[in-house]
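Student: I have a model on my screen and want to learn how to read it. Can you take me through it?

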Amino acid sequence: MRYKSQKVAYWFFGLCMLLLSLQLVYGFIMAFAHMGFDNLHAIIPFNTARAVHTNLLVVWLLSGFMGAAYYIIPEEAENELVSVKLAYVQLISLALVGVIAIIGYHFNYWEGRKFLEIPRPLDWLVVINVLTFLGLILVTLFKGKKQTTTSLVLTMGLVFAALLYLPGMIWFDNQTMDSFFRWWVVHLWVEGVWELIMGGILAYLLIKITGVDREVIEKWLYVIVGLTFISGILGTGHHYYYIGVGKIWLIIGGIFSALEPLAFLAMALFAISMYRKGEKKHPNKIALSWTLGTAITSFVGAGLLGLAHTLPQVNMYTHGTLVTAMHGHLAFWGAYGMIVFAIISYTLPNLTGRKLYDSFTGLLAFWLSTIGMLGMTVAFGVAGVTQVYLERKVGLEFGDVQTELQVHFFILICCATMFSTGIGLYIYDFIKYGRPNDEALIEQSL
Ligand code: HEM
Ligand code: HEM
Ligand SMILES: [Fe+2]
């Protein structure tokens, strides 16, 4: 690392690892409940576990993005972070809001809006937290010596993500209106502005790891940003098919969302071609695996598996079934989980000065979690298609179908165990790296 203040990133990554571990515990609780072992029901009913699982996911990913920004922006802008103290205050308050929300969910202090369960009073704390974060990033960037395309795309993604949180805070008494704007947050995050964050981090990693010229890499970023906006904004329509809005959304949503995979395809091609063009000299092969892994897995999970159920004629059958969970897992993991793992793997040696990147555990962590998650995706997919057939073709009752599906969750739990072993090994390596220190400061970051 070149700037002392970049060390803040480490603690955001630490929070990431902690919340991810907790997320997995709730995943297992749900998977066992699906299998018929709902023993914790009295304390943690399924709906609570589900909200905790998905909200922890969002918080650890945001913590990862923030850590990435605190590392990347000082280096790209050639400027120390303007206030390290404030960054630590922001970290602690982020953790506090997350913990309060999660505890609250266990006592029915929540809103039943999938992914946006955080009650409105707590939303204001989120707003203050994010404003502090953005203030620090923006001032550091614009007071710095350089504003590179990579840092601008990353920052633009973060600013838009913050702005798009606001439509979800408006109060509506009408279910359709509420649903309409809820998707501005949920969809426009993952299929819009988060893609800019991903693109920014990916470009940064490719510049560092492949050694290809910045100009070449940043040209690709424009293509990705363009494709994302052209398809993703009106692609929101694929959530408007059956919520009570006009029929025109069937056509708009169908056409534009079918174009969305192009942005993910561009990212995959971008990463692979930069790798092939590059010198292949960078020693951190684990960071390289996660970087190429995220580009390819996100195309499969988000692009292809999203496309699989995005047309209204298909979505009419698959809507709200385990087919969604199939896509949700590989998309979130491939695009956002893996990019966070990539930046952590790249930065840890630079932050701590310990070069543990050719460890066998690191490689094993990558393969076990990737194959484990692919297995989980297949298990959810097979269960989902069976659910669609029995419930929506044969016409069996929801509850009866769930009993038929129990066996699929045995396979899911096996694959989830493999996935979690990979994550466990990754966290083991994370701990082994130890704390960041100033001795790791060097003139030119590797
Ligand atoms: C130990 C590993 C995991 C297990 C056993 C697990 C299991 C589950 C289960 C059973 C559900 C509920 C499905 C339903 O509604 O019936 C769920 C939901 C979900 N999980 Fe996981 N999960 C795990 C890890 C992850 C990871 C690592 C991610 C993201 C990177 C993730 C993202 C999600 C999302 C987004 C949903 C909501 C899906 C939807 O809206 O349909 N999970 N998970
Ligand atoms: C990284 C990007 C993506 C992530 C993280 C993601 C994740 C998710 C999640 C979690 C859901 C469930 C949301 C909810 O019900 O609250 C969902 C739904 C959906 N996604 Fe994606 N997605 C991504 C990209 C895409 C793309 C590119 C497409 C289309 C090509 C797509 C098509 C869909 C469709 C059609 C649904 C609605 C499923 C239903 O009717 O239940 N997604 N996605
Ligand atoms: Fe969407």
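Tutor: Start with contacts. Two residues are in contact if their C-beta atoms, placed from the backbone, lie within 7 Å. Take L19: leaving aside neighbours within four places in sequence, L19 is in contact with L56, V59, W60, S63 and G98.

Student: What kind of model is this, and how are its parts numbered?

Tutor: It is a predicted model; local features need pLDDT of at least 70, side-chain atom pairs count only at pLDDT 80 or more, and totals for chains, interfaces and linings use all residues. Residues are numbered from 1 along each chain as its sequence is written, while chains are lettered from A and ligands numbered from 1 in the order in which they are written.

Student: Which element holds L19? Is L19 buried or exposed?

Tutor: Burial is a count. A residue is buried if 20 or more other C-beta atoms lie within 10 Å of its own, exposed if 12 or fewer, and partly exposed in between, with C-beta atoms placed from the backbone. L19 lies in helix α1. L19 is buried because 24 other C-beta atoms lie within 10 Å. Now compare G320, in the loop between α11 (312-318) and α12. G320 has 9 C-beta neighbours inside 10 Å, so G320 counts as exposed. Over the protein, 48% of the 446 residues count as buried.

Student: How many helices and strands are there?

Tutor: Elements are DSSP runs, numbered from the N terminus: helices are H or I, at least four residues, and strands are E, at least two. The protein has 14 helices and 0 strands.

Student: What does the radius of gyration say about the overall form?

Tutor: The radius is taken over C-alpha atoms, and the globule rule is 2.2 Å times the number of residues to the power 0.38. For 446 residues, a compact globule would have a radius near 22 Å; the protein has 21 Å, which agrees. The C-alpha atoms fill a box of roughly 65 × 45 × 45 Å, taken along the principal axes. Among contacts between residues at least 6 apart in sequence, 83% join residues at least 24 apart.

Student: How do I read a helix pair?

Tutor: Two packed helices are described by the angle between their axes and the distance between the axes. Axes are lines fitted to C-alpha atoms, for helices over the stretch in contact, and angles run from 0 to 180 degrees between N-to-C directions. Take α2 and α5 (residues 149-165): their axes come within 10 Å and cross at roughly 145°. The contact uses F65, A69, I72, I73, E76 and A77 of α2, with T150, S151, L154 and L158 of α5.

Student: Which residues come nearest to ligand 1?

Tutor: A residue is near a molecule if its C-beta atom, placed from the backbone, lies within 6 Å of it. Of the 20 residues around ligand 1, G27, M30, G328, F332 and A416 come nearest. Two or more residues each come from α1 (8-35), α2 (46-77), α12 (322-352) and α14 (398-433). The most come from α12, with 7 residues.

Student: And which are the closest to ligand 2?

Tutor: Ligand 2 is surrounded by 26 residues, the closest being A302, G306, G328, A331 and A335. Here α6 (175-210), α10 (285-307) and α12 give two or more residues. Again α12 has the largest share, 6 residues.
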